[in-house]
Amino acid sequence: MLRSAAAAAALTAWPDTHLARDVWSRVLHLAVTPARPGAPALVIALADTLLPRTDTPGALDVNAPAFVDVIVLEYYTEEERAEFLAGLEAIDAMSVTVAGAAFASLDASAREPVMQALEDPAQRTTPAGRTYSRLRGLIVHGYFTSERVQREVLQVDVIPGRFDGSAPLHVRERSGVRRG
Amino acid sequence: MVVRPCMCVSDRACVVAESRQVYDAIVVGSGISGGWAAKELTERGLRTLVLEAGGPIDPARDFVEHVQPHEMKFRGWGDRNAMLREQPIQRECYACDEVGRKFFVNDHDNPYTNPADAPFRWFRGRQVGGRSIMWGRQVYRWSDLDFEANARDGHGIDWPIRYADIAPWYAHVERFIGVTGAAEGLAQLPDGEFLPPMAMTVVEREARERLLRSFGGSRVMTIGRAAILTQSHNGRAACHYCGPCERGCVTHSYFNSIGSTLPAAERTGRLTLRPHSVVAEVLTHADTGRARGVRVIDAITQEEYEFEARIVFLCASTIESVRLLLNSSSSGGLANSSGTLGRYVMDHHYGSGASGVMPGHLDKRTIGRRPNGIYVARFRNVSDASPDFLRGYGMQGGSGRAGWNRGGSLPGYGAQFKDALIDELGPWTINIGGWGEMLPAAENHIALDPTVKDAWGIPAARISVRWGENERAMQRDIVASAAESLEAAGATNVRPYGRMQPPGHCIHEMGGARMGRSAATSVLNGWNQAWDIPNLFITDGACMTSSACQNPSITYMALTARAAARAVDLLNRREL
């Protein structure tokens, strides 16, 4: 309950003037309407579901979808971009089949069966599964390389000052006490 | 005709390069060997002009080792489209990444060619410091097993020197630059004068012990020997383990020319360093044939200059030095009465090895990012002869826990998935790969391309190097022995891989102006001195008569220091 509320709150907190939506529309000639939230909304929703806010920031708190924008729009080749977008369409088609609506329109609990379907190893070679896999990688990378996660969550030292090849690994305390 | 002052070595401008002044020495190149030539020649009293094709480096402005992923547009993935456009070849190099690519050449300004069936990767930079900025920093002494190899099996010609000749110079270099390592007492990998070793990880220590036991002490996994400081040394600070040395180091904690040899040269007051100086030709006196100096094209203005000196050191890197000599004479290249100029080019072959998972130790992690790995000393053709191939290989590798980087392959989503990536690091993984010796062969050569020229109108190099059967046989053995070693080390999920990279990819290209015992069969004598032109010395990788399997840069440094001392001695005795 707490998780789905947090997820819903995170969704509504996403700025409506998100640049990516406009850029995606312009660059990719995608029609973005309330009825068809389009690629950016799907990416945002998947990012939020994959890495929700808990006692640590979520993917949306650190703008992980912006990294997806950069890669899809400026790094991928034409073919990769076309395949990726087709895959997003396939994900939304699966969402309609499994849960009755596009993924971004679903509330947190309704998303569960869609996520289960996407995570199914049988999906690995389908367009939906391949794109889901790529998107997972992008969101994880965008999240963990963000400044806030590096500083607050991973507590990465830019200047460690020493190398220890056998340091103790302590379990993180939920209050956020520094580990190690 | 006065040129801009250089500002690379310190805040003070270097003395401007005057082409009317006759220098005692000219050094072409400011990288691994050029910086050493500059230091040794100036410290021994010579007014020295160092000519560097590329631009100056200011550590504070240009070094990028502390740039964090979130400060990179592509978060470390790199601007793929820009690199495809500007650096289609350089981008294949591991160090030519999102921020490191600034130290690599533009491939369109700096073309080279190769036959279609002989792919070659030529990775390099053009700036003060050359590849000493981006290099891997691994340093291993050669032994007489290496110096005697050609004489023993008949491939190539005999080296004109032995370990006893170079050992004092290895020590001289190590004392100045600072080398971290652990003494192992191995004949085939002589110990150096080491600063304290870096630590192995808990699984590397376990792997080492198991490997020693399993193979009766013949396979020794040691901590890497590297030109990195583990304590402060000669005014440079110890490493602070931030990770990517190949992007530069503002504390000068690893060796490059910028932080070490060039400042030493500058302190003598006898250094003139002229960047943006493309050396197009070595000039000789028409009557004596001795070197007179060099012709330079200013990289920015395209104006031409001539600089003169009593001696010339070529330290432009293997392919550039050979190319320069080929471009310096219309009849087969300068210093080439032997006909061997450009021939017997080698590289180390690599790309094969194995990876695995080391069980346990899940309560341990690393602190700091160690810029060094482990090294398994050569164990083939050391005491027992391999039935399958001549010579041998060393192995390099490392270990670690992937942490969040394993997220792509970890199933799941939501809070538990996120926590797993934050709180758990995944298993310890270990990997080792082989770096193997290449036999010298006459057909592996560098020539001038008949039509392609670089951005300054200088004929490009045409490089024809192909792996031979000995290299392929060695690669097969590397795959097998890497897997065998990891299994003996206690690894599970051992996965061998055989991905032999093309020549050049290892970035240890050498040969083309080899040292030898006779002017009939070599370009250089035992002092790196050209047989045909006694006041011309070549001390970069071009001079190498065989390749061994050890990373070669420290050997280039030692040969350079030794040759510089000899050159000054000859000058002082009026024999040059």
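Before anything else I wrote down the cut-off I would need, which is that a residue counts as buried when its relative accessible area is under 20%. I also noted that this is a predicted model.

**Entry 1: residues with a positive phi**

I began with S317(B), which I found in the loop between β7 and α9 (318-326) of chain B. S317(B) has a relative accessible area of 18%, and since buried means under 20%, S317(B) is buried. S317(B) is not a glycine, and yet its phi is positive, at about 100°.

I then turned to R391(B), which sits in the loop between β10 and β11 of chain B. R391(B) is not a glycine either, and its phi is positive at about 70°. Is R391(B) buried or exposed? With a relative accessible area of 4%, R391(B) is buried.

**Entry 2: the open sheet of chain B**

I next traced an open sheet of six strands in chain B, whose order I wrote down as β3-β10-β11-β12-β8-β15, with antiparallel pairing. Which strands stand at the edges? They are β3 (221-223) and β15 (492-498) of chain B, and because each has a single partner strand, one side of each is left without a neighbour in the sheet. On average, and with direction ignored, neighbouring strands of this sheet are turned by 25° against each other.

Helix α7 (residues 202-214) of chain B lies across β3, β8 (349-358), β10, β11 (393-401) and β12 (428-436) of chain B, and it runs at about 145° to β3(B). Helix α11 (residues 469-488) of chain B lies across β8, β11, β12 and β15 of chain B, and its angle to β8(B) is about 15°.

**Entry 3: β6 of chain B and its two partners**

I then followed strand β6 (residues 291-298) of chain B, which is mostly covered, with seven of its eight residues buried. Strand β5 (residues 277-284) of chain B runs antiparallel to β6(B), and seven bridges join the two; in this pair the partner of V278(B) is I297(B). β6(B) is also joined, by five bridges and again in the antiparallel sense, to strand β7 (residues 304-314) of chain B. I297(B) has E304(B) as its bridge partner in β7(B).

I looked at the turns of both hairpins as well. Six residues lie between the strands in the hairpin of β5(B) and β6(B), where G289(B) takes a positive phi near 75°. In the hairpin of β6(B) and β7(B), five residues lie between the strands, and Q302(B) takes a positive phi near 65°.

**Entry 4: S464 of chain B**

I looked up S464(B) next, which lies in strand β14 (residues 459-464) of chain B. S464(B) counts as buried because its relative accessibility is 7%. Which residues is S464(B) in contact with, leaving aside its neighbours within four places in sequence? I found P115(B), E443(B), N444(B) and H445(B). I also noted R91(B), which is 373 residues from S464(B) in sequence and 21 Å from it in space, C-alpha to C-alpha.

**Entry 5: cavities**

I asked how many cavities of 30 Å³ or more the structure holds, and the count is six. The largest cavity has about 80 Å³ of space. Of the 13 residues that line the largest cavity, C239(B), C242(B), G243(B), C245(B) and C249(B) are the closest to its centre.

**Entry 6: chain A**

Last, I turned to chain A, whose secondary structure comes to eight helices and one strand, in the pattern α-α-α-α-α-α-α-α-β along the sequence. Chain A has 180 residues, of which 49% count as buried. Its accessible surface comes to about 8,500 Å², and 56% of this belongs to carbon and sulfur atoms. Taking contacts in chain A between residues at least 6 apart in sequence, I noted that 64% join residues at least 24 apart.

Notes: Residues are numbered from 1 along each chain as its sequence is written. Chains are lettered from A and ligands numbered from 1 in the order in which they are written. This is a predicted model: local features need pLDDT of at least 70, side-chain atom pairs count only at pLDDT 80 or more; totals for chains, interfaces and linings use all residues. Side-chain values use heavy atoms; hydrogens and water are left out. Two strands pair if DSSP finds at least two bridges between them. Helices (H or I, at least four residues) and strands (E, at least two) are DSSP runs, numbered from the N terminus. Axes are lines fitted to C-alpha atoms, for helices over the stretch in contact, and angles run from 0 to 180 degrees between N-to-C directions. Contact means heavy atoms within 4.5 Å. Buried means under 20% relative accessible area, exposed over 50%, partly exposed in between (1.4 Å probe, protein chains only). Accessible areas come from the Shrake-Rupley method with a 1.4 Å probe; for residues, only the protein chains shown count as cover. On a 1 Å grid over the protein atoms alone, a cavity is a set of points where a 1.4 Å probe fits but cannot get out, and a pocket is an open set with protein on both sides within 12 Å along at least five of seven lines; lining residues have an atom within 4 Å of a point. Grid points are joined across faces, edges and corners, and a volume is the space filled by probe spheres set on the points.
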